[in-house]
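Me: Could you take me through this structure and tell me what stands behind each term you use?

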Amino acid sequence: MTEFRRDPILGQWAIVHKTNSWKPEDYKEEKHEFTQEQTCQFCPGKEHQTPEEVDSVRKEGSHPNDSNWQVRVVPNKFPALKIEGETDPWQEGVFEMLNGVGAHEVVIETPEHKKNFADFTPEEFLNVLQKYQSRTVDLEKDKRFKYVTIFRNYGNSAGATVEHAHSQIIALPMVPRYVQGELDGAQNYYNEYQTCVFCDMIEQEADEKERIVVENDDFISFCPFVSRYSFETWIVPKDHKMMFTQLTEDRLKSLTEVFKSTLSKIKSCLNDPSYNFFLHIFPVNYERQESFHWHIEIVPKLTKLSGFEWGTGFYVVHTDPKDAAKYLREAS
Amino acid sequence: MPQLRKDPVTERWVIIATERARRPGNFVKRDENLNDDSASDCKFCNSTETAILNGHTKVISHAGSFLSTDQKYSHKGKGLYDVVSGFGTHEVVIETSEHVANMADFSIEQIKYVLEAYKVRMIELQKNKLFQYIVAYKNYGESAGGRNIAHARSHIIATPIQPARVAEMFHGAKKYHREHGKCIYCDLIKQEKEKNERVVFETDHFIAIAPFAARFLFEITILPKEHHADFTGNIEGKEGDLALMLKTMLMKFKVGLDDPAYNYVIHTAPLRHDREGEKWKTIKDDYHWHIELMPKLTQVAGFEKGTGFYINSIPPENTAQYLKEVDIS
């Protein structure tokens, strides 16, 4: 048996398997192949092979672009967008376009070539989150930017081309479609019910309990009732007013606890799958919208999309989110 | 300079980033074992299921599908969420009795039979008033979501809900029509023909274009030149011509792109039944049915999944030119 479930924010539908729900071992396993450390441009000693760093976490007494670092943020060598240029759109008949202006940076998360992000120490993990924060604050100063996207691709089938642990930051001259969809969806919901849809969602999750993976005082991670991907997991701050860029170090430590534990569980439960995560934070240089609530979405890459999904936008989810959450809760 | 391009119908932005093309590739590995299995144990060669339609093709009901008419249609609320039972149909079109994997290797005649099967089944399914949408699509190759069976087939699914991507196109087209009094797809065809940069191939009734804001490398849109909202209402008598179009484009993929996995999807207008109201009345003027043809060459990464932006490293003008020159004779 299956059911169609409607996402209350974006309005899109997922098709969820209620019976014959797939177990973790029913998904095809993916092997991660590591290239040799010698050819890796993200390893210490290869600093000159990347563009010069824009931010870092370094040992005391070390200098930018030398080898004594814990985290380095560098411009992407093959950027999707370029920093120079105007952002005025122009038209050609039915078509509209603008210069591909933006920033594309890489966060090299550790000097250790083979270290898995889920196995970072809490301090190492926190260092990375702090760089997400400081880069967002810095990029916001460029008034041409409307959004800062922070995301991570792990494993070849999730789109990673380099094995050495890293995430990416792309600053965009517009608010991307899915975030705009969430902003609009949250505002519509707010207009109708005078409450935040994300707060209502975590309240329903807290009542029903069955889809929660981990939680502490500040954050909750759960497999959403309307997931698009099997084992999709969200991390949402419990305090509606908390902005990502304004999190104190204590709150970031609290996030580290839930975030790292969730990733470790995904790693052990699904045998180190490829995955993506992305932060849906509030846009930058943008009028404050009280109805929005930032969060993190983690999507393991376990199946391949078919023409049905591409063509319709319906997503087929093979594991009921409540079963997925149970497997994840039981994993270490 | 990279460019941001907006799809005129769905208003989705795409980044055309030529710099990325220099990056060490993250290309999908070819489905090497796609042609390994033999005809003797192929479930489609030896299909014993009752045929819904039988002839040059065989249409069967997909037994283990995520949708079935055995479930009663129901719509209820669960707190924040709307829940509809998994009611629907899923049919499999076994496209040929021969053990052939890729439609590109069919005769034009055989592709025509497949299109006729879509037409006949869709006309039948649209009589059921519980259905809001019918989609016909194909997955060729494992990386395009197909199972590893080397026997060509495609799928027809009818759902009680209008899918999000269809709603997007349908709203975009409606908006344009309200503002300009014309069909956006007709205007787009006119503009592409004049400019002639992204047109890959034309037949009497159809045109294949590399879309201006292509999400995927070598993505193609096939449109009927004559305005029509519905596949079933338009295809009669043109099946052979569309078969020639499909055969040509699929051969160009096979020869020019080294037999890639691919998907195609037929996008037709939502079913109106006898619904009244402005929204339903104008569909036949707003909407223009078409086919999306997408080779699976790269992986979709976190940026795309998180933002809805697609990064495409080769401009569609270049992919169109390349495909145009692929010699399939």
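Predicted model: local features only at pLDDT ≥ 70, side-chain atom pairs only at ≥ 80, totals over all residues.

Reply: On a 1 Å grid over the protein atoms alone, a cavity is a set of points where a 1.4 Å probe fits but cannot get out, and lining residues have an atom within 4 Å of a point. Grid points are joined across faces, edges and corners, and a volume is the space filled by probe spheres set on the points. Residues are numbered from 1 along each chain as its sequence is written, chains are lettered from A and ligands numbered from 1 in the order in which they are written, and side-chain values use heavy atoms, leaving out hydrogens and water.

Me: Which residues line the second largest cavity?

Reply: Among them are Tyr229(A), Trp310(A), Lys296(B) and Gln299(B).

Me: What makes a residue of that lining nonpolar, polar or charged?

Reply: Ala, Val, Leu, Ile, Met, Phe, Trp, Tyr, Cys and Pro count as nonpolar, Asp, Glu, Lys and Arg as charged, and the others, Gly among them, as polar. The lining divides into six nonpolar, three polar and three charged residues.

Me: And how much space lies in the largest cavity?

Reply: About 310 Å³. Its lining has 22 residues, with Asp7(B), Tyr185(B), Pro211(B), Thr221(B) and Glu292(B) nearest the centre. By class, twelve are nonpolar, three polar and seven charged. Helix H2 of chain B gives the most, three residues. (Helices, H or I of at least four residues, and strands, E of at least two, are DSSP runs numbered from the N terminus.)

Me: Why are H2(A) and H3(A) called roughly perpendicular?

Reply: Their axes cross at roughly 80° and come within 9 Å. Axes are lines fitted to C-alpha atoms, for helices over the stretch in contact, and angles run from 0 to 180 degrees between N-to-C directions. Under 35 degrees counts as roughly parallel, over 145 as roughly antiparallel, 65 to 115 as roughly perpendicular and the rest as oblique. H2(A) and H3(A) are therefore roughly perpendicular. Contact (heavy atoms within 4.5 Å) involves Glu182(A), Ala186(A) and Tyr189(A) of H2(A) with Val197(A), Phe198(A) and Asp200(A) of H3(A).

Me: How do you know that strands E8 and E13 of chain A pair?

Reply: Pairing needs at least two DSSP bridges between two strands. Five bridges join antiparallel E8(A) and E13(A), so they pair. In one of these, Arg152(A) has Phe277(A) as its partner.

Definitions and conventions: 1 Å grid on protein atoms, 1.4 Å probe; cavity = no way out; pocket = protein on both sides within 12 Å on 5 of 7 lines; lining within 4 Å.
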